[in-house]
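Visitor: I have a few questions about this model. Could you walk me through them?

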Amino acid sequence: MEEWKYWLGLSFVPGIGDVWSKNLISRFHNPKAVFEASVKELDQVEGIGEKAARAIKNFSDWGRVDSEIQNLRMLGFKLVSITDKDYPKNLSKIYYPPSILYLHGEFCANDEQALAIVGTRAADRYGRLVTERLASELASMGITIVSGMARGIDSFAHGAALKSGGRTIAVLGSGLDVIYPPENRDLYNKISENGAVISEFPLGSDPDAVNFPKRNRIISGLSLGVLVIQASEKSGSLITASFALEQNREVFSVPGNIGSKLSRGTNALIKKGAKLVDSVEDILGELEAFRRLKPIESPVDISRILEKLNDDGKRIFSTITNEPIHVDDIITQCGFEPHRVLSTLLSLELEGFITQLPGKMFQLR
């Protein structure tokens with residue numbers, strides 16, 4: 001708790017951001033020593049003039065610090081500093097990483113193998129299907145999915161990772177106790193139980209617009225690459241992609257309909273050199289750390305499955321491919337009554353031969 005006290009104190013000193021904080025820790029090794037240093041010693045640190053040095057020496061808002069610690073403990077949150085062994089290694093390598101992270105959940109060693117998936121809040125059916133398919137396949141291989149828990153693509157990516165039994169990390173643009181958007185409370189709880197929800201902002205911080213670019217640099221910093229799925233020309237996802245380039249991370253983009261405004265940002269990224277992605281193999285081929293992971297299971301052996309099915313099952317199963325198809329289209333192609341199709345689809349799903357996607361869409365598992 002004492003270490004938390006001085007880290008929080010340093011973060012609350014007016015005008016001391018991540019840049020100066022890193023310089024101070026490099027010189028004095030821990031935040032307590034920073035507060036114990038003289039004005040003259042502080043003034044000798046790069047970037048710290050006399051004004052900032054005196055702000056540190058005159059800091060007296062320890063009551064706020066004690067209240068923050070009390071609330072952290074009450075809510076079951078943790079504080080992870082950049083000198084802690086649990087601090088994410090990928091994030092520690094970016095230019096001036098956040099000095100402290102508020103944490104709900106746990107980090108683990110495998111989180112070094114992480115990919116960020118971001119995109120528009122106004123995703124359509126195509127965006128949702130692509131996001132859930134890619135996130136699910138990547139997470140099932142042990143790749144941690146990182147995103148910002150926003151509406152749309154972010155939420156779909158987190159949800160798909162959890163559904164496939166994988167890990168996911170959500171980075172908030174608010175305090176950990178301010179869940180935004182509010183309808184994601186259940187998702188927030190599931191992420192904290194099967195990964196981590198993190199923020200660099202103090203408890204009680206609102207999701208102000210100025211917070212999100214800072215959040216985006218953490219999303220990319222935690223990851224080996226950033227995948228953008230559906231983004232308009234002014235999407236915040238493009239800011240995340242820009243941070244990824246600055247941090248020497250890979251940038252991937254899913255192409256979209258040239259007539260859709262939701263594709264303008266992603267298609268523009270591809271024009272600028274982002275790796276075009278239409279399957280997870282496009283991502284695995286670019287990132288060496290991912291290539292060492294267990295490969296995705298081979299395609300379904302269609303002939304072996306057909307041997308197990310009756311005539312209805314064979315006819316219905318033959319309409320389903322790797323491309324999602326709506327149940328109404330299956331009914332039309334088969335010519336069967338809806339109840340016969342729905343019953344057979346349920347059996348095929350229970351057998352693990354097919355998977356149902358949102359919107360009553362089906363595809364091979």
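Visitor: In which strand is Gln-363 found?

Guide: This is a predicted model. Strands are numbered from the N terminus. The strand that spans residues 361-364 holds Gln-363, and that is E12.

Visitor: Is Gln-363 buried or exposed?

Guide: Gln-363 touches residues including Arg-133, Ile-320, Asn-322 and Leu-357, not counting those up to four places away in sequence. Buried means under 20% relative accessible area. Gln-363 has 7%, so it counts as buried.

Visitor: Which helix holds both Arg-128 and Glu-132?

Guide: The two residues are four apart, about one turn of the helix. Arg-128 is partly exposed, at 32% relative accessibility. Glu-132 has a relative accessible area of 14%, so it is buried. Both lie in the helix of residues 125-140, H8.

Visitor: How many residues apart are Arg-340 and Asp-312?

Guide: Arg-340 forms a salt bridge with Asp-312, with the closest N and O atoms 2.8 Å apart. The pair links distant parts of the chain: Arg-340 sits in helix H19 and Asp-312 in helix H17.

Visitor: Why does Asp-312 count as partly exposed?

Guide: Buried requires under 20% relative accessible area, and exposed over 50%. Asp-312 falls in between, so it counts as partly exposed, and its value is 23%.

Visitor: Which residues do salt bridges with shared partners join into one network?

Guide: The side chains of Asp-18 and Arg-217 meet in a salt bridge at 2.8 Å, N to O. Asp-18 is in helix H2 and Arg-217 in helix H11, 199 residues apart. Both are buried. With shared partners, the network joins Asp-18, Glu-200 and Arg-217.

Visitor: What is the volume of the second largest pocket?

Guide: Rolling a probe the size of a water molecule over the atoms shows where empty space is left. For the second largest pocket, the volume is about 310 Å³.

Visitor: Which element gives the largest share of the lining of that pocket?

Guide: Of the 17 lining residues, the closest to the centre include Ser-11, Asp-18 and Glu-200. Helix H1, helix H2 and strand E2 each give two or more residues to the lining. The largest share is four residues, and it comes from H1.

Technical notes
Residues numbered from 1 in each chain as written. Predicted model: local features only at pLDDT ≥ 70, side-chain atom pairs only at ≥ 80, totals over all residues. Heavy atoms only, no water. 1 Å grid on protein atoms, 1.4 Å probe; cavity = no way out; pocket = protein on both sides within 12 Å on 5 of 7 lines; lining within 4 Å. Points joined across faces, edges and corners; volume = space filled by probe spheres on them. Buried < 20%, exposed > 50% of the residue type's maximum accessible area, 1.4 Å probe, protein only. Contact = heavy atoms within 4.5 Å. Salt bridge = Lys/Arg side-chain N within 4 Å of Asp/Glu carboxyl O.
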